[in-house]
Amino acid sequence: MNARIWAVTILLAAIGLGFFVFYPKENQTNFGFRLGLDLAGGTLLTYRADTSGVTSSEVDGAMDALRQVIERRVNVFGVSEPLVQTEQARLASGEERRLIVELPGVTDVDAARAYLGETPVLEFKLIGNQDDLISGATTTPVYVATGLTGRYLTGARLDFGGASGGGVIQEPIIALTFNEQGTELFAEITRTHIGEILAIFLDGAIFSAPAIQTEISDGKAIITGANSVEEAKDTVQKLNLGALPIPIELVGAESIGPTLGSEVARAGVVAGIGGLLIIAIFMILWYRLPGVVAAVTLAIYAVIVLTLFKLLGITLTAPGIAGLILSIGMAVDANILVFERMKEEIMSGKEMKEAMAEGFSRAWLSIRDGNLTSIFTGIILFYTTTSLVKGFALTLILGIVVSMFSAVMITRTLLQAIAPKQITPTVRFLFGSGLSK
Amino acid sequence: MFVIRHKIFFFALSGILVLASLFAIGYWGLRPGVDFTGGTILQVRYAEITPAPEELEMLLTEAGFEVSNVRTGDNGLIVRMETLEEGDRDTIQGLLASGATTSSATIERLSSVGPSVGEELRRKTIVAIVLVVIMIILYIAFTFRKVSKPISSWTYGFVAIVTLLHDIIIPAGVFAVLGYFSGLEADTLFVVALLTILGLSVNDTIVVFDRIRENLRIHQERNTKEEFSLTVGKSLEQTYVRSFNTSFTVILVLLVLFFLGGPTIHSFMLTLLVGQVAGTYSSIFIASPLLVAIANQKKVA
């Protein structure tokens, strides 16, 4: 009796869950699932960050600052649900830091990267060969990085002033404000290098090269030398969006048109439903009554997995869907193992109840071993490969874990609920399989 | 059992298939995808008539691009070319629009990979495969640790790996043949397919081994003796319906995915299909007979 109450509870819960997952809410497409770029269409840009100018202890901080800056720019770009990540790649030639930008819905790579690639790298540099210049040994100054960069900027503002220009007309100037760290650094540089030239580089080119007059300890700097108000304004805007703390270089781009994406998505859904149906039909034809139970369990399994996808916010991709559908195959495998075992036990003359219990407990070892190795494979794939494969690995792991639960717990409860007490010829037929009568 | 008695025949059959596959891989090689080598894949869709691949190749080459090949895809043309630089996409888009013969063409997919990204992926792939193989040996040796007669638990792990190699080499060989004849490229998805085959194949092999383990234990408990080859044969008999049914359902799903899953996962599904068939075959006809063969060797020695 107990099993029947449980069985009804499970069925009701599954129906409720299915309703919750699939009932379309207003303004919601795709039933609220997050679709990956390959399904929704969009652009993925991979940048290599040039960390040669940063000490190794500062790399993490610089990468984080870089990510934040790019994130700000992406947000201004007006993309829904963008994703900006940093990545660490180990190569034969050493470590490489990367920045990965996902822009769903953006299909013009060049427009996207032109926008993100407008990289005002702001640097403050000192002249390293002051003595040689004075003595006339050379005429080309060598600039040395001070460590003060756009990374320490909190804001830039367009201003007009005349004093520095010798009281001429109102000249556009760019007023910079540094953060705490930047203020300290700036104060130290200006204190120890009074009289020297502190050159301001924008995007690798010298923008202006004023001489340091006094120590500046309030964290404010002024850049003069803009050719026009427009140029100054533009620069201020870019600096406010965030000067890139370290230079980046595009090493990979991927864009998928919306038509292709939706075709793949539709194919995935059709294949998923088709796969489920064909398995259900096979199971019912071959395993009869237990087959029906297996088919119901499969439906419940699909509902649970999709609910988890939604709750955990997992992004659906084409390989991800493939992984999911593959896990259906493994879910059925568990059922097949149990049913075959059960049949053996019934044939050896055991009572129905006993045969069921034996079937499950004996099959469990095989189910466990087979699924565990697959889960381990999934975990290894997840941690060693790239995002495309990660999607596959994640859904495979999730699918297998859920399938172990559904194929063992749910199938058992449902079977116990319908188990007849006596083995009559009808029962023997219903619990038989294949071509036997 | 039949399979055990005629094991030499099945070993020979598999041996020939594996050798042929190795030959195909060695002779034609696997055509690595751009994600491993660096480069660009460009998928162009035409609204009306898709022009001949040579036409597009000429158009791009004349504009100064280095094009490796252009082939006809499911929905237009697929171009493989050098890594693109800033602004190249706009140039190509312009070229496509200007092409006299081409009705409105759009870039459906563009995937440009720098060489360092490719290098990293190659490295990661090798690491993944090695880790998976080590994990499987350790896991099997561990779960079968209580089984030591007549062969040690490590032998089960070893046999599982031999079976695995068999299951991976054959689809890779098929892929090499397809790569040579239809330009199929071994990309990341191909590697994922191989690793999935690893998982499925182990699963299949383990189910049979589990039954052998159980039957060995029963004999131990009852203190009865049975020829190892008989035990293995009986275990196979008890599991082959399950092996077949499971494979059959997986193959059904893969076929559905292959036909309805869209062109992007075509070759992925094909690799999985070949691997699954090889995996089912090897779990019945190779793995267990190999156990018997090793046990016999030990007896002789």
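This is a predicted model: local features need pLDDT of at least 70, side-chain atom pairs count only at pLDDT 80 or more; totals for chains, interfaces and linings use all residues.
Local features need pLDDT of at least 70 and side-chain atom pairs count only at pLDDT 80 or more, while totals for chains, interfaces and linings use all residues. Residues are numbered from 1 along each chain as its sequence is written, and chains are lettered from A in the order in which they are written.

**View 1. Helix α6 of chain A and its buried residues.** Helices are DSSP runs of H or I with at least four residues, numbered from the N terminus. A:G182, A:F186, A:I189 and A:T190 are buried (20 or more other C-beta atoms within 10 Å of the residue's own, C-beta atoms being placed from the backbone). Because these buried residues fall within an arc of 90 degrees seen down the axis of α6(A), they line one face of the helix. The face turned away carries A:E180 and A:T192, which are exposed (12 or fewer such atoms).

**View 2. Packing of α2 and α7 in chain B.** Helices α2(B), residues 7–27, and α7(B), residues 153–182, pack at an angle of about 45 degrees, with axes 8 Å apart. Residues of α2(B), including B:L17 and B:S21, meet residues of α7(B), including B:I169 and B:G173 (contact: C-beta atoms within 7 Å).

**View 3. Surroundings of B:R31.** B:R31 is found in the loop between α2 and α3 of chain B. Not counting residues up to four places away in sequence, B:R31 touches B:G179, B:L184, B:E185 and B:A186. The C-alpha atoms of B:R31 and B:I251 are separated by 26 Å.

Methods:
Helices (H or I, at least four residues) and strands (E, at least two) are DSSP runs, numbered from the N terminus. The arc is that of the directions from the helix axis to the C-beta atoms. Axes are lines fitted to C-alpha atoms, for helices over the stretch in contact, and angles run from 0 to 180 degrees between N-to-C directions. Two residues are in contact if their C-beta atoms, placed from the backbone, lie within 7 Å.
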